[in-house]
Amino acid sequence: MGFQQGLSGLSAASKQLDVIGNNVSNANTIGFKGSRAEFSDIYASSLYGVANAQTGIGAKTVGVSQQFTQGNLTNTSNPMDLAIAGNGFFRVENKGDVGYMRNGQFQLDREGYFVNNGFKLTGYQADANGTIVAGPPVELQVDTANIGAKATTTMTLGANLDAKQTAPAVAFPGIDPNNPDPSSINHSRSVTVYDSLGVSHLMTFYYVKSATPLQWNVYTRFDTDPVDMTVTPPATTPNALLTPLTFNNDGTFATPAGSVTFNAPTLSNGAAPLSVTVDLSKTTQFAGPFSVNTLTADGYSDGSLTTLATSADGTVQARYSNGQTKTIGQVVLTSFANVQGLRPSGDNRWVESYESGKPKVNTPGSSNVGAVQSAALEDSNVDLTSELVNMITAQRFYQANAQTIKTQDSILQTLINLR
């Protein structure tokens, strides 16, 4: 027994305790990956190549390897938080310095970039139409300005018109805006439309049963049309007949074959003339209550950014106060042939090295990487119970090696005391 073995054992035990201590200190660090110390023995070669009489001369630390196992995912209330369920790393960048991380605690900076400790999340940016443009990853940026208004240009309105209805006894028009005459119309429905300035207007559809079987007439009224004083009581005068509707004898829609166009009166607020193409082909005539079964319109008022949402495939959408959504871009994930070869750079980041191989950029959910989960974070994968047990073992390891040095010291003392 020599001092060499004991000293090498103390060094190995000390390194193991350092690794365990680092794991324990990062047990609550988001995205942290625990490490383990790896050792090998030291063996001196014989001058004559005979090894069966040679003893080892101790142990050495050959490496500290990180364990990239999946940590638990914890849901949060913050939509900016992102977690990776499976393989891969977020790709982040800071002035050309590229890093890779599992820590998804992102925030929006004042310029609209996703940032984490000064590094910006990268991915594929979307164009003005919301189409994601694939290519080299770029720093993802959210336009925090208002989305702006869009005039209503198309509308689909489908309803069931009660086949049991009969033609009104009172000719249409002739409707009191405060107390509509129920004998002049059969059904009505109002729809909100928007002009080019984002100002809302009310477009009302009046369905009037014709005396001709299987035929209805549709009239419209825009906002508060002029009041007709020539009738008693005074009544609003809707716009001209929008279109007649005809139905097949099984109640399904027959004509008009295409959409009809509604041209609104001149707007006094200076907005562009409003023209709405209306598709009524979803309308039916069955014996049953009047009900609207389809209603879509493409216009909206101005809206401010309220929140962001990220789907499992990494697509990031902005949501606005007017109910609209807009695709911002797509988060990318990177994979490596040898993740153990990644070099830690602090702040839960790694950088590529020769041993790790080149990064492979993938969209979340593809064959090489996992999916992205929004409003969630990946916990540290450190098992605190195991680490505490390992700490006890390493402590005993250290004490045992110290004991070998003490024993060797005692032997030397015996030799010195020989007379």
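Gln66 counts as buried because its relative accessibility is 13% (buried means under 20% relative accessible area, exposed over 50%, and partly exposed in between, using a 1.4 Å probe and protein chains only). This is a predicted model, so local features need pLDDT of at least 70 and side-chain atom pairs count only at pLDDT 80 or more, while totals for chains, interfaces and linings use all residues. Residues are numbered from 1 along each chain as its sequence is written, and side-chain values use heavy atoms, with hydrogens and water left out.

**Around Gln66**

- You'll find Gln66 in strand β2 (residues 56-66); strands (E, at least two residues) and helices (H or I, at least four) are DSSP runs, numbered from the N terminus.
- Leaving aside residues up to four places away in sequence, Gln66 touches Lys33, Gly34, Ser35, Gln340, Pro344 and Trp350, where contact means heavy atoms within 4.5 Å.

**Helix α1 and Gln4**

- Gln4 sits in helix α1 (residues 3-25).
- With 42% relative accessibility, Gln4 counts as partly exposed.
- Gln4 and Gly58 are 54 residues apart along the chain, yet their C-alpha atoms are separated by 6.4 Å.

**Helix α2**

- Helix α2 (residues 384-416) has 33 residues and should span 48 Å at 1.5 Å a residue, which agrees with its end C-alpha atoms being 48 Å apart. The expected span is 1.5 Å times one less than the number of residues.
- At the start of α2, the backbone nitrogen of Thr385 has a side-chain oxygen of Asp383 within 3.2 Å.
- Which residues of α2 are buried? They are Glu387, Ala394, Asn401, Ile405 and Gln408, and their cover includes α1.

**A nonpolar surface patch**

- Phe3, Leu7, Ile411, Leu412, Leu415 and Leu418 make a nonpolar surface patch of about 550 Å². The elements giving two or more residues to this patch are α1 and α2, and α2 gives the most, with 3 residues.
- Patches are made of residues with over 30% relative accessible area and no salt bridge; like charges are joined within 9 Å, and nonpolar side chains (Val, Leu, Ile, Met, Phe, Trp, Tyr) within 5 Å. A salt bridge is a side-chain nitrogen of Lys or Arg within 4 Å of a carboxyl oxygen of Asp or Glu.
- Accessible areas come from the Shrake-Rupley method with a 1.4 Å probe, and for residues only the protein chains shown count as cover.
- Leu412 lies in helix α2 and is partly exposed, with a relative accessible area of 33%.

- Thr255 and Pro256 are joined by a cis peptide bond, with omega about 5 degrees. Pro256 is in the loop between β18 (253-255) and β19 (260-263).
- Leu214 isn't a glycine, but its phi is positive, near 60 degrees. Leu214 lies in the loop between β13 (200-209) and β14 (215-222), and at 30% relative accessibility it counts as partly exposed.
- Asp347, another residue other than glycine, has a positive phi near 55 degrees. Asp347 belongs to the loop between β26 (343-346) and β27 (349-351) and is partly exposed, with a relative accessible area of 47%.

Definitions and conventions. Polar contact = N/O pair within 3.5 Å; in protein donor to acceptor, adjacent residues only side chain to side chain.
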